[in-house]
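Dear colleague,

I am passing a structure over to you with this message, and below it you will find my notes on what came out of the analysis. Please read them with the coordinates open beside you.

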Amino acid sequence: MEWSLSLLLNHPEVLKKAQAEIEYQVGHERLVDESDMTQLPYLQSIIKETLRMYPLAPLLLPHLAASECMVGGFHIPAGTTLFVNAWAIQNDPNVWEEPERFKPERFEEEEEQGTRNGLRLMPFGSGRRGCPGEGLAMRVVGLVLGSLIQCFYWERPTIEKVDMTKGTGFNLARAQPLLAKCRSHPAVFDSL
Ligand code: HEM
């Protein structure tokens, strides 16, 4: 959530597009709810793009090789602990065009072209030990972020861009907490 908001504050044109999508699909007579999520593809693309650039668990969880195997030409003995560097894959210029650019539209283009993300995007891991909470997480994050966009106007506290320095640790958090200015949207004031 914090990374999404930080990126939106630094890219007001993306924020405007997300506001327009919510205004068109939901309006201001009622608050965004869970059933709207399938009708808000741009909002979902913002979340995917945030998780691509700033995966919550950049190395996923440690995995243990139950039996010996080969990975990318390397022999892995049974019992080895393996880490998958999801951050490196998701930010690899050989895999993604301009990976350093925040561009939610890339997911819309892929959708149109019918190209799947496959193992290029795996903020929730993949396979049998992938995150069982993925569906729930995408809905809840969409609902919260969508509500924040619908109900408030967001701005940076100063003209300087939000500092995107990453903190250290197993989870990818911001180095400093995000500071932002907001005021409520007059049309949804009664619904709050
Ligand atoms: C944005 C939110 C979330 C992210 C980014 C996330 C990410 C992940 C990742 C990367 C893994 C490790 C997958 C692997 O190593 O292959 C994982 C595992 C797991 N997650 Fe999540 N998760 C999220 C939310 C949730 C929620 C809401 C739940 C429960 C309701 C949940 C439950 C679990 C469990 C139980 C595992 C361990 C699965 C196993 O080892 O078999 N997660 N998650």
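Is L60 buried or exposed? L60 is buried, with a relative accessible area of 8%, and I begin with this residue on account of its backbone: L60 has a positive phi of about 50° although it is not a glycine. Please keep in mind throughout that this is a predicted model. Most residues other than glycine have a negative phi. L60 is placed in the loop between α3 (41–53) and β1 (63–64). E98 also carries a positive phi, of about 40°, without being a glycine, and it belongs to the loop between α4 (86–90) and α5. With a relative accessible area of 36%, E98 is partly exposed, whereas L60 is buried.

As for the overall architecture, the protein has 6 helices and 6 strands, and from the N terminus on the elements follow the order α-α-α-β-β-β-β-α-α-α-β-β. Taken along the principal axes, the C-alpha atoms fill a box of roughly 60 × 35 × 30 Å. Of the 192 residues in the protein, 37% are buried. Among contacts with a separation of 6 or more, 70% are accounted for by residues 24 or more positions apart.

The ligand contains an iron atom, and this atom has a single donor from the protein, namely SG of C131, at 2.3 Å. Water is not among the atoms, so the site may look incomplete. C131 itself is located in the loop between α5 (105–113) and α6 (134–151).

Turning to the aromatic side chains, the count comes to 3 aromatic pairs. One of them is formed by W3 and Y54, which are stacked, with 4.1 Å from centre to centre and 10° between the planes. Because W3 lies in helix α1 (residues 2–10) and Y54 in the loop between α3 and β1, this pair ties together parts that are 51 residues apart in sequence. Both W3 and Y54 are buried.

On the α2 side the contact is made by L15, A18, Q19 and I22, and on the α6 side by G146, I149 and Q150.

Finally, T80 is found in the loop between β3 (74–76) and β4 (81–82), and at 24% relative accessibility this residue counts as partly exposed. Leaving aside residues up to four places away in sequence, T80 touches H63, L64 and A65. N94 is 14 residues from T80 along the chain, and the C-alpha atoms of T80 and N94 are separated by 28 Å.

Key
Residues numbered from 1 in each chain as written. Predicted model: local features only at pLDDT ≥ 70, side-chain atom pairs only at ≥ 80, totals over all residues. Heavy atoms only, no water. Donors = N, O, S within 2.8 Å, 3.2 Å for Na, K, Ca; no water. Helix = DSSP H or I, 4+ residues; strand = E, 2+ residues; numbered from the N terminus. Buried < 20%, exposed > 50% of the residue type's maximum accessible area, 1.4 Å probe, protein only. Phe/Tyr/Trp six-rings, centres within 6.5 Å; stacked < 30°, edge-to-face > 60°. Contact = heavy atoms within 4.5 Å.
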